Structures are given as C-alpha cells and as structure tokens.
Amino acid sequence: MAKDSDSTSLRGRIGALVGILMLALSLRAAVVSVPPLLARIKTDIEFTELTTGLLAMLAPVVFAVFGLLTPRLIKTFGLEKTLIISLACAVLGQLARVFMPEVYSFLALSIVALAGYGMGNVVLPPLVKKYFPERIGMVTSGYVTMIAVGTWMAPQFSVPLANVSNWQVSIGAWAALSGIVLIPWILQLIADRGVKRSEHLVGANGVPHPVIKINPWKSKVAWGLAIFLAGNSAQTYVYFTWLPPYLQDRGLDELTAGNMLALFAILGLPMSLLVPLWVPRLKNPIVAVLIFTACWIVGHLGIFLSPTHNTVLWICAAGLGQGTFAVALLMMNLRSRTTYGSGVLSGFAQGLGYAGAAVVPMLFGVVQKATDSWGAAFSMLGGCLIVMLIGAVIINPSRTIEDDAPTTEEMGKLERID
C-alpha cells in the first residue's frame, strides 16, 4: 500500500519531532538535579536518613504507579492532552517544592513533579508511533539519546547554577525546560487540525481493523517486556544508588568514586544512538541482548572482584550493558502495531519495570547490611540478569501486543455466540 505524503515527509511534523526530543531531554531533570544539592538543601529543610531514603525511592515508585495509570489517561484524553497534563504537573511540582519549609511537603510536591515525568515516560513511544511510524528507529535513537543527555546535564549544571544563585533557583530552573516543551506541542496541535493520523491495526490485506481492547495483563508480549525492563532497570538503579559508596568502602576516594558513576551514566549515550538503528535490522533482537548481557556480566564481576584495579574497564563494560535499556524502549514500538497498543505496552512495561527497580536497590542495601557482605548483595545482580534474559526470550519472537487482543469482528462473533 502506497504511503501518502503525510507518512513519507517530515513536513507538518517538525513540531512533533522537536517536542519529542525536548520532552526526552527534560524527563530526568526532577530525578537527578536534587542529589548533588542535597547537602545544601539540608541547611534549610531537615532531611533525616528515613526521608533521604524516601527521596531516593520516589522516582521508580512514582514512575511505576503512573506507568500503569497513564494508558487510561491516554484512552480518555488522547496522547497530546495527556502530554500537556504531564508537563503541567512537572512544572508545578518543580516550582512549588522549592518554596516548601519542611521535608514532607517537599517530598509531596516532588511526587507531583515525578508524576508528570512518569506520564511523559509512557507517552513518548506512542507519540513516535503516531507521528513517525516509518521512522521509528531513527526517532527512537534521537529521543533515547536526549534522555541520556538530560541525565548527564542536570547534575552537571545543578551545582554551578546553585553557586551563582541558590539551591532553590537551581532546582526550580529545570521547570523552565518542561515549560518550553509546551511550545512545540501547542504549535503541532494547531498544525494537526484536520489531519487524520491512523491508530488502527492494519491487516495483511491492507484493510484497517480497529482493536476493541487490549488487556496487557493477559499478553505474553506485555509481560515479557515488563520482566525484561524490570531486570534491566534494577541493575541500573543499583549502580546509581550504590556504586559510589561501594567503591569508597573498597578504598577509592570520594572524587574518583563519583567520576566512575559519571562515566557509567555517560556511556548510555553511545548505546542510545546505536541500538535503535541496529536492533530493528536483526531477525532475533535477543542477539543484541546477549551481547549487552555479556557486558553487564564483565562489569559486575570486575567491580566486585577487582574494584580498585582496572576500575575504568569494569565501569565501561557495565556502562555499555545499558544498551538493554535502549532495546526495551525500542521494543515498545517494535512489539506493537498501533498507537493505542504502543501506549498500553509502554505503560504496563514501565509500570512493572520501575516497580522492580524500586525494590531491588533497597534490598541490595538490606542484604549487604544483614550479611555484612558485598558478595551476597552482588549476587542479586546475577538474579536480575536471569530475570532480564527470561523477558528477552519472551519478546524475541516477532509478535505484537495486538495479537492477543480481539478485533471488532471477533468481538461481534463472541456477542452472537452469547
């Protein structure tokens, strides 16, 4: 079936492209801009060990909750309106929390900000599906790269910005980035008036068959991707939470330990560029997963067995293992046929995936303290790898989430039988 001009040209979709990339750039700001300034924040707001731990857990927990809720919002309001709601929450939460005089109100408004970004996480894949169905790999490469850049940018500039102002201005300034994202989307909504973008499932004969309802809880594809993302995200959050204190405990100084975490984070950037352009060409995406899994294994073993020798090598290996995260984001579109299916798959996988990411770093610390052994804690990373590989096996076959959903014709047959 020939593609019309709307699907073969970027004309009329520049606003959407800019909006997708800018949204991706802003997604991690609320998460990673606070930790570098926590010592300064404590001079004004009394953080205890408990509330500091709660702050560390907020992002994956809120991302998990709103990962599961956002598909309902998309179904009710549509992608663009849900996106605007998410941006409003992000801006409001980030701006308001800097004026809070005590810790629990600060945490409450952090939840509002993170809820906005949690919704943003979910709407990105279906936005790519809707506006760029023929350029999924290229646009996914762009937005995953921008997520990596944003993850580096916020902590990199938070302290210098606070030095020339204060921590309130530094944290609140990132709200401006989310506010700016509204501009291209408003322009795109104006440009989209009268433009029809199909969200139907197109069959082999070219005839569109709208999907009635997708239940991800009964979909092997959805469960596979959720399991895969959970295993991947758990490892990443363990590194972000425990790598510096572990390396310091093993003898590295504070600056070097911090630099190793920064190196781990920035290595997500080349993977973000490579994976979405390479993996769609593979008949079996699990080949890429196995390569990145080998990188994770080398990194885990090296950091555990020889943390103070060849540390950069081990961190580089683990950092390249983050390619599995880019694979997970890409699969949200490769394992769906419609914008609706992509939204459901994105919400379900990220909801359960981030729930796993919230639990494992906490258990990592509990196990380490209970056993007084880093070895027992590191063994949990091996479990995460097994979980991730199980998910990879499930999502490897070329099957979509819509394959588990009844079409209009099938629903009609069921009604006639009843």
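A word on the source: the model is predicted, so local features need pLDDT of at least 70, side-chain atom pairs count only at pLDDT 80 or more, and totals for chains, interfaces and linings use all residues. Residues are numbered from 1 along each chain as its sequence is written, and side-chain values use heavy atoms, with hydrogens and water left out.

Let's start with the whole protein. You'll find 18 helices and 2 strands; these are DSSP runs, H or I of at least four residues for helices and E of at least two for strands, numbered from the N terminus. Of the 418 residues, 52% count as buried, meaning under 20% relative accessible area with a 1.4 Å probe and protein chains only, while exposed is over 50% and partly exposed lies in between.

Now the inside. The largest nonpolar core has 113 residues. Such a core is a set of buried Ala, Val, Leu, Ile, Met, Phe, Trp, Tyr and Cys residues joined through side-chain atoms within 4.5 Å. Phe228 is among the residues with the most contacts inside this core. Leaving aside residues up to four places away in sequence, Phe228 touches Val289, Thr324, Val327, Ala328, Met388, Gly391, Ala392 and Ile395, where contact means heavy atoms within 4.5 Å.

Next, a histidine. His300 sits in helix α13, residues 286-305, and counts as buried because its relative accessibility is 7%. Which side chain does His300 join in a polar contact of 2.8 Å? That partner is Tyr239. For a polar contact, N or O atoms lie within 3.5 Å; within protein, one must be able to donate a hydrogen and the other to accept it, and residues adjacent in sequence count only if both atoms are side-chain atoms.

Finally, the rings. The whole structure holds 20 aromatic pairs: rings of Phe, Tyr and Trp (its six-membered ring) with centres within 6.5 Å, called stacked with planes under 30 degrees apart, edge-to-face over 60 and tilted for the rest. One of them is Phe63 with Tyr354, edge-to-face at 5.3 Å centre to centre and 65 degrees between the planes. This pair links distant parts of the chain, 291 residues apart: Phe63 in helix α5 and Tyr354 in helix α16. Phe63 is buried at 1% relative accessibility, and Tyr354 is buried at 3%.

And one cluster to look for on screen: ring pairs link Trp242, Tyr246, Phe304, Phe364, Trp374 and Phe378.
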